[in-house]
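Visitor: I'm new to this one and would like a walk through it. Could you show it to me and take my questions as they come?

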Amino acid sequence: MLPTVQQALKKIIRSQPNSATWAAKVFQTASKKNKLTEAKRKELIRLESEIGSKLFGQIPAGHRREFFCLDARTWVWHEEWSDNLDGSKKIHTVRYEVRDNGILKSVNGQDYAWVAADEAENLAHAAVLYHQYVASQVYGQSSNEEELPKMALNKEY
Amino acid sequence: MSNEITTSPEQLATVIADIGDALENLRIKVIQQIG
């Protein structure tokens, strides 16, 4: 908080002791509302991801897959499974960041790199289909398509 | 929004960004409705 704002708040609180209680209540209400909004947003993304995960065909047994639009400029592919040999948990998370001049990709939190043209095209196709099905099935907007198509996003899969 | 996918990185990024914006708008609308 800026020092001048802090000083102004202190002055107000000193001159009107009840204002501190009022301010605390306002901040608490705003904080609760923000948490509630964030919870609703997460629930919507979870519902979207259920559809997103099915855009790439059948999920292998024992795998858990998510594919969703995190925010206007970020898309996430996440897959978890247990290794057949030692049972260890495997995680593959790809984060795509959309920039004006292309798309950046980070795998499992590693450094970002520009995606190749074919992967960018696949992501764009996936985003178009995701919007089409999510708009229809999560948000109730009309769509002519019934079945989810199958496609590959990443050649590694 | 067109379903046609173009090939330059800038155009692909624009397509995906437009979709991201559209999805954000849908979310905001629903959150405001049930708010």
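Predicted model: local features only at pLDDT ≥ 70, side-chain atom pairs only at ≥ 80, totals over all residues.

Visitor: What pLDDT does chain B average?
Guide: In chain B, 80% of the residues score at least 70. For the model as a whole, the scores are ipTM 0.83 and pTM 0.76. The average pLDDT of chain B is 84.

Visitor: How many helices and strands does chain B have?
Guide: Chain B is 35 residues, and 23% of them are buried. As for its elements, the count is one helix and zero strands.

Visitor: And in what order do the elements of chain A run?
Guide: Chain A has 157 residues, 22% of them buried. Its secondary structure comes to three helices and five strands. Read from the N terminus, that gives α-α-β-β-β-β-β-α.

Visitor: Which element gives the largest share of the side of chain A that touches chain B?
Guide: The contact draws on 26 residues from chain A and 21 residues from chain B. On the chain A side, the elements giving two or more residues are helix H2 (18-52), strand E1 (64-71), strand E3 (89-99), strand E4 (102-107) and helix H3 (117-137). The largest share is 11 residues, and it comes from H3(A).

Visitor: How many nonpolar residues does that side of chain A have?
Guide: Sort the side of chain A that touches chain B by class, and you find five polar and seven charged residues. The nonpolar ones number 14.

Visitor: Are H3(A) and H1(B) roughly parallel or oblique?
Guide: H1(B) covers residues 9-34, and its axis comes within 9 Å of the axis of H3(A). The two cross at roughly 20 degrees. An angle under 35 degrees counts as roughly parallel, so H3(A) and H1(B) are roughly parallel.

Visitor: Is the crossing of those two left-handed or right-handed, and how many nonpolar residues are in their contact?
Guide: H3(A) passes H1(B) in a left-handed crossing. H3(A) brings residues including Leu123(A), Val128(A) and His131(A), while H1(B) brings Leu12(B), Ile16(B) and Leu23(B), among them. The contact has one polar and one charged residue, and its nonpolar count is 15.

Visitor: How far apart in space are Val76(A) and Val94(A)?
Guide: Leaving out residues up to four places away in sequence, Val76(A) touches Glu66(A), Phe68(A), Leu70(A), Thr93(A) and Arg95(A). Val94(A) is 18 residues from Val76(A) in sequence. In space, C-alpha to C-alpha, Val76(A) and Val94(A) are apart by 5.8 Å.

How values were computed. Residues numbered from 1 in each chain as written. Chains lettered and ligands numbered in written order. Contact = placed C-beta atoms within 7 Å. Helix = DSSP H or I, 4+ residues; strand = E, 2+ residues; numbered from the N terminus. Nonpolar A, V, L, I, M, F, W, Y, C, P; charged D, E, K, R; others polar. Buried ≥ 20, exposed ≤ 12 C-beta atoms within 10 Å, placed from the backbone. pLDDT = per-residue confidence, 0-100. Axes fitted to C-alpha atoms, helices over the stretch in contact; angles between N-to-C directions. Parallel < 35°, antiparallel > 145°, perpendicular 65-115°, else oblique. Left-handed = near helix turned anticlockwise from the far one by under 90°.
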